[in-house]
Amino acid sequence: MKHSRVHLGNIISRYPGRTFAIVMIVTFIMFMINFNSSMFGLEKKTEASEDAWLPDNELTSTLDDLQNNYGSSVSFVQILVKGKNNNVITKEAFIDILEVEKQISENEKVQYVLYPQSGNIMSMASAMTSSFMLGSGIPPSNITYDSMIDFLENNITQLQIEGMFTYLWNSPVEEEQEAIRQGAVLLSKDFVGNMDKGIVKAKATLMLVMYDSEKYDEIEDDENPIVDADLEIIDIIDGQKFDGVDYMGIYESQYVEYVINTDVGMMILFLLVIIIIVVIMFLTYKSVLDTVLSLSAIFLAIIWMGAFGVLLGLTFADIYEAVPIILIGIGVDYAIHITLRYREERERERKAVRGAMLLAVATVGASLFLSSLTTGFSFASMGTSEMPPMREFGIFLMLGIFCCFILVVTLIPSAKVLADTYKLKRQHKKEKKLREAGKENEVKSKLNPGPEKMNDGGTPKKKKEPALDRGLGRIGDTAARKPGPIIAIALVLAILCGYMALQLETEFDYKEFLPSRHQVTDDIGYIFDNFYFGVDEADVLIRADLTDPAVLEGMDEIQQNIENDKYINQEEPYTSVLTLMQAVASDTGTDEIPPNAEFRVAFEAADTDDDGVPDENIGALYDFLRANETYQPLLANVLYYNKDSGKYEGALIRVSVNTHGGDYNGEIADEMEANIKPLENKENVEVFATGQPIITDQIITSIQTSGLQSLVITIIIAAIILCALFTYEFRSISLGLFTEVPVVLVILWIYGTMYLGGVPLTVMTIMICTITIGIGIDYAIHITNRFMESIHDDRDVSRAIRHTVVNTGGALFGAAVTTVGGFGILFFAPTNPMRMFGTFTALAITFALISSIIVLPAMLGVYARWKLSKDIDYFEKHVDITHVRQLVSKSIHASEAGLRHLGGAIIEAEHKFAHHIVEGERKVEAGVKKVGDKVIDVEDKIEKKVLKAEEVVEDKFMKFGDKVIEVEDKVEKGAKKAGKKVVETPKKAVEKMKRKK
């Protein structure tokens, strides 16, 4: 691995142009795949709906079964109507509603998706007005929207409307009273309370528009007839002048998805994140070029990641919006480390461009590889989740991390080598022109910063240490002096926070993902708060031969169990094929199900034991209902007929339950599981408890189990990778565990903070800890690597800790500030889950920084003192952190010796000439004055040879560098013999010129 680091750095620094070109070519291909996938025969999948969060398990398959095999192909669109003066039961409001209904029914785009049946638009206004007209003797065929509007304007008064509501509410006729009370579901909750007080008033009502569900199958990426119809309805509402209505708004699933996908809130935040990070990075780099290169690498990584997502067939769900922000935060960390290490190597002994970059890639590149490996696999652990968005979220992040690593160690180094080499060439040309113009003094001033500032005593003045370095130095000193108290405090806090973490609640509400500042979000919240939507449907799905009498007997037992449930809606507890047959076979039927005498005879004949459940000729009873136009849609809601096999293969018991806003989903799920036991152990029978309350409970359970499972897997994988690699690098398995412990402490800290902040576990916040491990482990790795390098060079543990915290801690501080800034801006996100995710992720990264520069150094100090107490030479014998630097150095010297052995005339190594040009110009200038005017010409010739030799040396040493490592012992001997000649060569050249003079 150590040799491979040098090879990678060698290739990039040797062929920067080719490396840069390859990256650009690959990026172009990735761009086309990402944004024009159809050109390659690929599909970019997108989804923003509640169904996307359903777990991949048997329960989800039951929902697919329900959606595909049951129902009458109807989907409801809700239009919220708020009345002026908080009253929608007025003549003016009813007229406004009828006008909107009329225009909706006449719109071509809406007509295309409307359910093909009369009465496909429903409202309290049309129901009450038609009742008035029927009571006045007007035949149904003459009731149209125009006639209803005219009748309401000219024949009905406000007093009559209120009188009708009062009569029906208190009617002695049970059917009339039941009708108004069932219709009250279209009115806001305050209606019932007002009617009990004798006041006819409701602040809002709902209009229901019935869409043909088959039209949803026609939705394509570029065409959506449902959304087109929704937008037409919105235009109709916006173009209407209301007299009795204060507001109208639409709620439909496809429109909600359209709002999410077209919301610009996240785009604005994304731009703000970029601006903040650009500012912080510029303050860190103080270089426009380095800032642009770092951001370019990250943005290209996002493009690469998206292309890989398309190639792998991943779905770009609404949670994907957080992925680019996370990658920016992590990618900035990688870019800062590689860039600052390159600068450090260039400043150290004034290394040449390519040599400094080779060393930077060979050292920091290894840490980044280790970080990307642990971070990538940490995110990949989310792949064990049952929920597709969370699973694919982790895969996206893993792909993005690897793409970031590749681009940071290829694009940035190659571009920096090209740019800095070009700058040096321009600098050489300018200096040559100045010399030719006789302006040696200007050359001198540019090459030499001048003498150091001296104190009165003649000693050089010390430069003032930056405030950040001073602060980090104090932190390092404290960690070195008082490791015990620091570790104890960290552990106590972790224990307390771990206890609080056990008290965290888990929630799931898809409405939370809607933009909080969008009107549709307000409308949905208003509907759920002010209408009777506490009643929901839980279902029992049965897959079996429904003509088997034993299956019907079991279904009847399940229904009897349901009647005893605590959360059942007693007014209409359940509907099934049994209740349908019983209603049709009764003398009176129901409001929706008319009786049938012929069916009654057949049903009574099939029910041999007179228990209300047929025992014979069951298939014939189904066939009768399926052949009847009145009963066929009702039968399709509760019975599945397979046209291919010609058999009745499934049934549904639709159960009405009181969820109380989802508070009792878990209890309902438990009750339903207990109810279905009569058919659970039957041969050739599959029975499932399903429906929205149960699925929501399943999602919450999946959040808990998936989050815990992902967290445990992440910790284990990170520990295995760290222990394996640190064992290879430093021959210490315990060092890997030491490195991970502070990150685990951060997880407990952030969970405790969430509890104190009253933030529940959600699909977003559950991922914070996995992301914390992914990002926090990077910080820990950099600290550990730098500490091991420092302790190898200096056995003083305290100085090693201070050196580590000041140098690497500074880079970590800059990286953390940019990452925290990126996530912190999500506090202003349009959705609440994204706000909580951004806020607490930023807090977790802050904790990770604190743990890395305080707790981890204290632990490493304890570890180092323990090792030194056992063996004072432990780090000399086992830590090989400087081997890479030695390989690079030997590569340079051995290449020079190899060239001389082959007869190459080398004046001096590249780094010697650079030092000669910068600091030895005074000596050259003194020689020029002694020798005379001709020396200037000789100097120019020497300079040309120097520049030429630089190019030859750099090119040759790169070519020979890879081979030298294998024969370094043999070549070193030649280097030692020839070393003396190389040093004396420039002196002999000058003496020879003097003799010629």
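A: Go ahead; keep in mind that this is a predicted model. A place to start is strand β3, residues 121-122, which is joined to β4 by two bridges, with the strands running antiparallel.

Q: Which residue in β4 does I121 stand opposite?
A: I121 faces V209 there.

Q: And is β4 mostly covered or exposed?
A: Mostly covered: β4 spans residues 204-212, and nine of its nine residues are buried.

Q: Which residues are on each side of β4?
A: A204, L206, L208, M210 and D212 lie on one side, and T205, M207, V209 and Y211 on the other. Both faces are covered. In a regular strand, side chains alternate between the two faces of the sheet.

Q: New topic. How many aromatic pairs does the structure hold?
A: It holds 11. One of them is F369 with F405: the ring centres are 5.8 Å apart and the planes are at 55 degrees, so the pair counts as tilted.

Q: Where do F369 and F405 lie?
A: F369 is in helix α16 (residues 353-380) and F405 is in helix α17 (residues 388-408), so the pair ties together parts 36 residues apart in sequence.

Q: Are those two buried or exposed?
A: F405 is buried, at 14% relative accessible area. F369 has 33% relative accessibility, so it counts as partly exposed.

Q: Which residues do ring pairs link into a cluster?
A: F165, W169 and F191.

Q: What lies over the face of Y112?
A: K215, at 4.0 Å from the ring centre. R626 lies over the face of Y641, with 3.8 Å to the ring centre.

Definitions and conventions:
Residues are numbered from 1 along each chain as its sequence is written. This is a predicted model: local features need pLDDT of at least 70, side-chain atom pairs count only at pLDDT 80 or more; totals for chains, interfaces and linings use all residues. Side-chain values use heavy atoms; hydrogens and water are left out. Buried means under 20% relative accessible area, exposed over 50%, partly exposed in between (1.4 Å probe, protein chains only). Helices (H or I, at least four residues) and strands (E, at least two) are DSSP runs, numbered from the N terminus. Two strands pair if DSSP finds at least two bridges between them. Rings of Phe, Tyr and Trp (its six-membered ring) pair if their centres lie within 6.5 Å; planes under 30 degrees apart count as stacked, over 60 as edge-to-face and the rest as tilted. A charge sits over a ring if NZ of Lys or CZ of Arg is within 6 Å of the ring centre and within 35 degrees of the ring normal.
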